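Subject: Structure handover

Hello,

Here is the structure you are taking over. Please open it before reading the notes below.

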Amino acid sequence: MKKNITINLCGRLFQIDEDAYDMLQHYIDSLRHSFGKQEGGDEIVDDIEARIAELFDELRQQGAEAITIDHVKDVITRIGKPEELAGGEEQADEAEATGHRYDSARSAAQGIYDNVRARTAGKKLFRNPKDKMLAGVLSGFATYTDTDPVIWRLLTVLFTACYGIGLIVYIILAIVLPEAKTPEEMLLMEGKEVTPQNLADVVVEKDETVRQRPNLLRTLFSVLLKILFGFFVAMAMVVCLFLSIGVLFVLVVIVCALALPITSNMPFSLDTLGLAELYQANPVVLILFAFALFTLLLIPIYAIIHMVLSLTGKTQPMGIGQRIAWIILWIVALCCAVPCGIIMNQYSEQYFDRKYDHHVSYRYQGVKMSEEDRDFLRKGGWNLRTAVNCDHYTWSGRYPSGDEEVRYLDTYNENCEAILQVERSESVEPGIYRMDCLVRAEGPGAYVYAMAADSTYLMEIPAYEDKPAGLYDLLQQELEYGRDKAGSLKYLSLQVDSAAVRHHAECLDGWSVVTIDNIVAADGTIAYGMTSDMTITGQQCRSKWFSATDFTLTRIGDLPK
């Protein structure tokens, strides 16, 4: 029931409800603002007020006991809006005087505000159950603003495409806004008076099925929106499920870590997670993070249980204030969990970085590396000429023979920025030599080389995609002809059958046999190795990894006289 007040308009007393009075007062203030700068503007407003009083008097004579908001809207429509009454003369004066541009913009904004207020005056915002696709949020906005719900649905789809903003806002509004369930709420949503007649109309409208003339375009658009909303809701539910499982797992891990002794070697202890230092320095971070995760899980679970109980009639639905309070508390928990998680991650990364740094703290020729890399290079007599951006220097596994324990020269860099030159020297009898080796590379730009008597011999390592075709046939031919080109390599012997050859061919996994012929060793020394140094190769390396092994020197001739 609305409260009526008595007003004095041009010497006449009228009964008017509060909403109608607010609209009338705003309308008269707008008139005074529009005509205030014109000469004789006050007289114009007084005349309009007198006309309004005459119209209200006519309504009273027709039996209206009090002026309602619908009466005020009708009077405003008959008299005209302030911008319409001001006419083109004021607009022309504003266009001529550049100093009035601000006033013109303000008048336009005032007109928009007046339009919105006229559409929403006397209404309350509810979720509309009569024309809903999901929760009735958009239909409620359309009823509140007296617009087409299709506009709001289209805007929601567009904003949902922008990183899911529309869907997030929709879910929040669906939680916060109440649904118009009773006849009184339906009338308030539509801005109608709560009278016995209107209440009866609402009850009758609920019992009757209103059939609208079908519109093909509207129907297709509605079906498309339902499909899109269903897809986004399904995706959101899947994401929320996985996030909930992840948050629950992290919460269990943190609780276990806090419960176990700090120096425990058990899984999920603070020391194992790298958080012992953080706990000793600031334990509040870990405790606050655990409570925040617990709140993030508890509030949605409580909301779902409360919703189910309210649907079954065992409890009352949440009010708007309670819903807003839970949402704010959930957001506060999220704002606590995120920075605490970032701090914990930083401490954990620093811990494991130091631990890994200790693992690779061995040095060989001034370069930090793992113990395995150092021992292989030292025992093999390999020298590091250049070593920049190399994640490692040797590797094991994927050896052509299938032996996973054999190590070989290898390096890796995700951005193809490894610059490596590793070589060793052998004293040989002066003569002409051939060097054979097994190599492989992910991309171009890596080379094997040999140096003798101030001459450098280069051979590019074939890229993984470009490994020789028919490798099994090639090895089979090598065996049939009895040549020692492949037989001199460690992984292959001349005394193997066809099945063994096929096995070795399958184990090559991108490995290729590379040969450098006619190496002239006049001084009795040959240095060889692999490199990606552009100053030597003349080509930029574009390979993430490259490998070499089984270097073999074979004397094939004497020096020319």
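Start at Asp410, which stands opposite Ser547 in strand E14. Strand E14 covers residues 545-557 and is joined to strand E7 by four bridges, the two running antiparallel. E7 (residues 407-412) also pairs with strand E6 (residues 394-396), again in the antiparallel sense, over three bridges. In that pairing, Trp395 has Tyr408 in E7 as its bridge partner. Two strands are said to pair if DSSP finds at least two bridges between them. Helices (H or I, at least four residues) and strands (E, at least two) are DSSP runs, numbered from the N terminus.

Before going further, note that this is a predicted model: local features need pLDDT of at least 70 and side-chain atom pairs count only at pLDDT 80 or more, while totals for chains, interfaces and linings use all residues. Residues are numbered from 1 along each chain as its sequence is written, and side-chain values use heavy atoms, with hydrogens and water left out.

The chain as a whole

The chain has 19 helices and 14 strands. Of its 561 residues, 37% are buried. Buried means under 20% relative accessible area, exposed means over 50%, and partly exposed lies in between (1.4 Å probe, protein chains only). The accessible surface comes to about 32600 Å², and 58% of that belongs to carbon and sulfur atoms; the areas come from the Shrake-Rupley method with a 1.4 Å probe. Among contacts with a separation of 6 or more, 66% are between residues 24 or more positions apart. A contact means heavy atoms within 4.5 Å.

Helix H3 spans residues 69-79, and its buried residues include Ile69, Val72, Val75, Ile76 and Ile79. They sit on the same side of H3, because they cover an arc of only 120° around the axis. The arc is that of the directions from the helix axis to the C-beta atoms. Ile69 counts as buried because its relative accessibility is 2%. Ile69 and Ile16 are 53 residues apart in sequence, with their C-alpha atoms 8.6 Å apart in space. After H3 comes Gly80, with a positive phi near 115°.

In helix H9 (residues 183-190), Met186, Leu187 and Met189 are buried. Their arc around the axis is only 160°, which puts them on the same side of H9. Gly191 follows H9, and its phi is positive, near 75°.

A buried charge

Asp533 is in the loop between strand E13 (525-531) and helix H19 (534-537). Leaving out residues up to four places away in sequence, Asp533 touches Thr386, Ile419, Leu420 and Gln421.

Most residues other than glycine have a negative phi. Ala453, in the loop between strands E10 (447-452) and E11 (455-460), has a positive phi near 50°. Its relative accessibility is 34%, so Ala453 counts as partly exposed. Asn518 lies in strand E12 (residues 512-521) and has a positive phi near 60°. At 49% relative accessibility, Asn518 also counts as partly exposed.

Regards
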